[in-house]
Amino acid sequence: MRFEKSVEERHTVIKLLEEKLDSQIAPALKSEMVNLNAQGVRNVLLNLSEVKYVDSSGLSSILTANRVCAAAQGILAISNIN
């Protein structure tokens, strides 16, 4: 999975640099979200400006990201949806 990560004061921005969020990419996104949570990150902004297609496994990874953030009393926000 290609992505850019930037740490801001109150949140971390993950910008996916892939056209598809599918079964090839979804496990890596889930893994990255679990890793961020283990590092203490609670609030994540998921930038999907480059993503043109999301399948059911991609949606599942987004839901997992939401659950991980919510369990840490944080928020998952999604921006730039195509």
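Me: Is Glu18 buried or exposed?
Reply: In this predicted model, Glu18 has a relative accessible area of 17%. The cut-off for buried is under 20%, so Glu18 counts as buried.

Me: Which residue forms a salt bridge with Glu18?
Reply: The partner is Arg2, and the closest N and O atoms are 3.6 Å apart. Glu18 sits in the loop between strand 2 and strand 3 (20-21), while Arg2 belongs to the segment before strand 1; the two are 16 residues apart.

Me: How many salt bridges does a search of the whole structure find?
Reply: It finds three. One of the others joins the side chains of Glu32 and Lys5, at 3.8 Å from N to O. Glu32 is in helix 1 and Lys5 in strand 1, so this pair ties together parts that lie 27 residues apart in sequence.

Me: And how accessible are Glu32 and Lys5?
Reply: Glu32 is buried, with a relative accessible area of 14%, whereas Lys5 is partly exposed at 41%.

Me: What about Glu50, which residue does its side chain meet?
Reply: Glu50 meets Lys15 in a salt bridge of 3.9 Å, N to O. Glu50 lies in the loop between strand 4 and strand 5 (53-54) and Lys15 in strand 2, 35 residues apart. Glu50 is partly exposed at 35% relative accessibility, and Lys15 is partly exposed at 22%.

Me: Changing topic: in what order do the strands of the sheet run?
Reply: The order is 1-2-4-6, in an open sheet of four strands with mixed pairing. From one strand to the next, the twist averages 20°.

Me: In which sense do strand 1 and strand 2 pair?
Reply: They pair in the antiparallel sense, over five bridges. Lys15 in strand 2 is the bridge partner of Glu4.

Me: Where do the helices go, then?
Reply: Helix 1 packs on the sheet, where it touches strand 1, strand 2 and strand 4, and its direction makes about 15° with that of strand 1. Helix 2 lies across strand 4 and strand 6, at about 140° to strand 6.

Me: Last one: which residues touch the most other members of the largest nonpolar core?
Reply: Among the 16 residues of that core, they are Leu16, Leu21, Met33, Val44, Leu46 and Leu76. Strand 2 (12-16), helix 1 (26-38), strand 4 (44-47) and helix 2 (56-71) each supply at least two residues of the core. Leaving aside residues up to four places away in sequence, Met33 touches Val44, Ala65, Val68 and Cys69.

Notes: Residues are numbered from 1 along each chain as its sequence is written. This is a predicted model: local features need pLDDT of at least 70, side-chain atom pairs count only at pLDDT 80 or more; totals for chains, interfaces and linings use all residues. Side-chain values use heavy atoms; hydrogens and water are left out. A nonpolar core is a set of buried Ala, Val, Leu, Ile, Met, Phe, Trp, Tyr and Cys residues joined through side-chain atoms within 4.5 Å. Buried means under 20% relative accessible area, exposed over 50%, partly exposed in between (1.4 Å probe, protein chains only). Contact means heavy atoms within 4.5 Å. Two strands pair if DSSP finds at least two bridges between them. Axes are lines fitted to C-alpha atoms, for helices over the stretch in contact, and angles run from 0 to 180 degrees between N-to-C directions. A salt bridge is a side-chain nitrogen of Lys or Arg within 4 Å of a carboxyl oxygen of Asp or Glu.
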